[in-house]
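Hi,

I am passing a protein structure on to you, and I hope you enjoy looking around in it. Please open it first, then read on with the structure beside you.

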Amino acid sequence: MSAHALEGRSVIIVSGPGGVGKGTIVELLLDRDPQLWLSQSWTTRPRRPSEPADAYRFVDRATFEAAIAAGGFLEWVEFLDYLQGTPVPDPPEGADVLLEIDVRGGCQVQGLLPGALLVFVDAPSPEHQRARLELRGDDPETIARRMKKTASERAEALKMGYEIVVNDDLIRAVEAIEGIIASDRARRRSISART
């Protein structure tokens, strides 16, 4: 499927720095909305001890670079010391597409799909973010690099017009994103009814 084939669907991009709970929010969105389909990102980084095997498609650098050369990604980026990217999705008929990707990747996808929804999940505080990173098993050096990158990611998200959702209460954050999705679906239905 090409990016062009996604134009009739809602495409929801959930971004945010490491340790803000994006993965948990995405899991709940999927559990609560059967119309959502998650595109599985690829990464060359090793799997974290706390991570499920299907959190990403874990591949080596050569496999990833071959997919880049074949035009297999909507977006990809070198982040810290690894590659990560979103393959061109192939969702089931009628499903809306959910992408959990970084801010730069979200901007690349929005360039291909101008109607994509951009949602930036933020932590209530740096201390909260650091604690989550420690809990998931990141080493101190990785935590320091991720914390340093957070401010630039937030600034880029604001510049690109991302909707900001602070994850100070998990259910409230999920419901805020559900509201954004519901508004987009209603807008699409209205446009479709007029054509």
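Predicted model: local features only at pLDDT ≥ 70, side-chain atom pairs only at ≥ 80, totals over all residues.

Residues are numbered from 1 along each chain as its sequence is written, and side-chain values use heavy atoms, with hydrogens and water left out.

**The sheet**

Strands of a sheet pair through backbone hydrogen bonds, either parallel or antiparallel. Here, 5 strands form an open sheet with parallel pairing, in the order S2-S7-S1-S8-S9. Its edge strands are S2 (36-38) and S9 (163-166), each of which pairs on one side only. On average, neighbouring strands in this sheet are turned by 25° against each other, direction ignored. Strands and helices are DSSP runs numbered from the N terminus (E, at least two residues, for strands; H or I, at least four, for helices), and two strands pair if DSSP finds at least two bridges between them.

Ile 13 has Leu 118 in S8 as its bridge partner. Helix H5 lies across S8 and S9 and runs at about 150° to S8. Contact here means heavy atoms within 4.5 Å; axes are lines fitted to C-alpha atoms (for helices, over the stretch in contact), and angles run from 0 to 180 degrees between N-to-C directions.

**Salt bridges**

Side chains of opposite charge can pair when their charged atoms come close. The structure holds 15 salt bridges, each a side-chain nitrogen of Lys or Arg within 4 Å of a carboxyl oxygen of Asp or Glu. One joins Asp 96 and Arg 185, with the closest N and O atoms 2.7 Å apart. This pair links distant parts of the chain, since Asp 96 sits in S7 (residues 96-100) and Arg 185 in helix H6 (residues 170-194), 89 residues apart.

Grid points are joined across faces, edges and corners, and a volume is the space filled by probe spheres set on the points.

The largest pocket holds about 1000 Å³ of space. Of its 36 lining residues, Gly 23, Arg 48, Glu 51, Tyr 56 and Glu 100 are the closest to its centre. Helix H1 gives the largest share of this lining, 6 residues. By class, the lining has 12 nonpolar, 11 polar and 13 charged residues. Ala, Val, Leu, Ile, Met, Phe, Trp, Tyr, Cys and Pro count as nonpolar, Asp, Glu, Lys and Arg as charged, and the others, Gly among them, as polar.

The second largest pocket has about 270 Å³ of space. Its lining comprises 14 residues, with Arg 45, Pro 46, Arg 48, Asp 139 and Thr 142 nearest its centre.

Best wishes

Terms used:
1 Å grid on protein atoms, 1.4 Å probe; cavity = no way out; pocket = protein on both sides within 12 Å on 5 of 7 lines; lining within 4 Å.
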